[in-house]
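Subject: A structure for you to explore

Hello,

Here is the structure I promised to pass on to you. Have a look around it first, and then read my notes below.

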Amino acid sequence: MPEIFVAKASEFPDGDRRIIQHGAHDIGVFHWEGQFYAYANLCLHQGGPACEGLIMHQVENVLAPDKTLVGQKSSDTQVNFVCPWHGYEYDIKTGECAADRRLRLRKYNVVRRGEDIYVAI
Amino acid sequence: MVELPLSNDRRMKVDEFDSGKMLSHAARQAKQRGYDKFPIVDVDSHHYELESFNEILEYMPDPVLKQLALMANSGNSKGAGFMPGSVGYQDIGGRATRYPLRQIEKPDPGVQRDVSLTRRWMNAMGVDIAVLFPSPMLQLGLHPQVEAEVALAFAYNKWLYERVLCEEPRIRSMIYLPFNDPEASYRMVKEYAGKKGVSGFMITSVRFQPVHHNQYMKVYSAIEELGLPLAFHAGYNWGEQSMGMMNKFISVHALGFVWYNMVHMTNWVLNALPERFPKLKVLWIESGLAWLPFMIQRLDNEYMMRSSECPGLKKLPGEYITDMFYASQPMEMPRDMSLLEATFKCIKAESQLLYSSDYPHWDFDLPSTIYDLPFLKEKAKRDILGGNAVKLFKIETNGEKLAKVA
């Protein structure tokens, strides 16, 4: 399976991303909490650049034991990247659409060879 | 450079923003789908008039209101105090990044900002002609001072005509009517009749005026005589008491953008305005499409039992509704596409529906939302994307594609 060079690991800090294009492939690569993830940069909604938007923690409700709403918070575990066109949110670890997990972006394997980061296409 | 606040107190610095680059995927769609082969008319798009507010205010006829507005727009206040404000989070907390980033977008050198930025997204999407409307002014009908709405409407329309419509023939507009003042609305129709780039007249729906009141009849007559359409442009108003029960912008937007048009359409039809102005073409903007089967069924059902209340009607309310025109955005994309197909059939979409993007607002639709529909034939797609608007607005085309689809 062909591999596309993304970046040197030392030049790709945690929390950052790269957009790479190779032929028909338009791919967003994320470095988040020590792991690398890669997805098709094509929103399932209207085809926007899904991987080029903000990275935001999932918003969660905080409920008291009696089910009353205490407030809202940012998730401790789930982080999404957001399509900048219309706000479709995708789980950075799975590529699943946060609003409907039956939908999922195409995922690419990320390969690390020494200091070099590649995406397999 | 702009620094965006993100979740968990993170920050993101952005150095530049260009609508054309942000819409590069739209340009790819335009090429893949062959938009160079037919005209695309976008009947509802927007600019942000507050970005040019000082230019607009130079056209204010009332010197006292002008000074008040200029002062309200000075410093960092951006018109607050003069424009009716409204709580709202159109940008989804900045997730629709063009909202916070457009402040660093630069126009092409020597080109007026609104013209430059509009051309940029039109070319990316393959749109040949765009009907341009303001943004915050969609709530100007809530201004408690009628004279302020009138003064700003006159200033805005004159600025729009001289600085935008006369500069770029691909940009058109339907002239804002200061509808809280019927006489001023009438004067506006007379003043802009036949002027370059004027494709009709527009009432912002967020207001509390009954469209069937006798004071408006001469306004409708004047527009009917011109043969141009009258549009109702939807909006939201979180300040309204019923909307105040909702705690989320999604709720207010989902219902608000339909609610006012539902009220106006009900008054329009049941008071027999289509019978009184049979040649007046009416266009309903930015309420999507799902409300229409509801309105048709609801009004038809009640009319059959209470027709004595509507002596002016000569056919069912729904039959008037399907004679009117509709802008497509925000077109609901249901999980069950047969619902959308049924809606298209119900409203005679092949002749009555006109593509609209609403760009750059957060819920914009690309032409592909129409072009990719599996139940439409090529001719219907092209009519909805452009042909129907060419007829409605009497746009003279020589078949030349104006957008640069590369």
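Predicted model: local features only at pLDDT ≥ 70, side-chain atom pairs only at ≥ 80, totals over all residues.

**Two helices in chain B**

The crossing of α10(B) and α12(B) turns out to be right-handed. Two packed helices are described by the angle between their axes and the distance between the axes. In chain B, helix α10 covers residues 249-270 and helix α12 covers residues 291-306; their axes come within 12 Å and cross at roughly 35°. On the α10(B) side, the residues that meet α12(B) are B:Val258, B:Asn261, B:Met262, B:Met265, B:Thr266 and B:Leu270. Their partners in α12(B) are B:Trp291, B:Leu292, B:Phe294, B:Met295 and B:Leu299. Sorted by class, the residues of this contact are nine nonpolar, two polar and no charged.

**Chain A**

Chain A has 11 strands and zero helices. The C-alpha trace of chain A spans about 55 × 30 × 20 Å along its principal axes.

**Where the chains meet**

How many residues of chain B are in contact with chain A? There are 27 of them, and they touch 24 residues of chain A. The size of an interface is often given as the accessible area lost when the parts come together. Here, the area buried between chain B and chain A is about 2,000 Å², with 52% of it from carbon and sulfur atoms.

Helix α2 of chain B, residues 24-32, gives the most to the side that touches chain A, with four residues. That side of chain B is made up of 11 nonpolar, eight polar and eight charged residues.

Side chains of opposite charge can pair when their charged atoms come close. The structure holds 33 salt bridges over all chains, and two salt bridges are counted between chain B and chain A. One of the salt bridges joins the side chains of B:Arg28 and A:Asp26, at 3.1 Å from N to O. This pair runs from helix α2 of chain B to strand β3 (residues 25-32) of chain A.

**Some backbone details in chain B**

Most residues other than glycine have a negative phi, and most peptide bonds are trans. Where can you find exceptions? The peptide bond between B:Gln329 and B:Pro330 is cis, with omega about -5°, and B:Pro330 lies in the loop between β9 (325-327) and α14 (337-346) of chain B. Another cis peptide bond leads from B:Tyr359 to B:Pro360, with omega near 10°. B:Pro360 is in the loop between β10 (353-354) and α16 (368-371) of chain B. Finally, B:Asp9 is not a glycine, yet B:Asp9 has a positive phi of about 60°. Look for B:Asp9 in the loop between β1 (2-5) and β2 (11-14) of chain B.

Enjoy exploring!

Best wishes

Definitions and conventions. Residues numbered from 1 in each chain as written. Chains lettered and ligands numbered in written order. Heavy atoms only, no water. Contact = heavy atoms within 4.5 Å. Buried area = accessible area lost by both parts, 1.4 Å probe. Salt bridge = Lys/Arg side-chain N within 4 Å of Asp/Glu carboxyl O. Nonpolar A, V, L, I, M, F, W, Y, C, P; charged D, E, K, R; others polar. Axes fitted to C-alpha atoms, helices over the stretch in contact; angles between N-to-C directions. Left-handed = near helix turned anticlockwise from the far one by under 90°.
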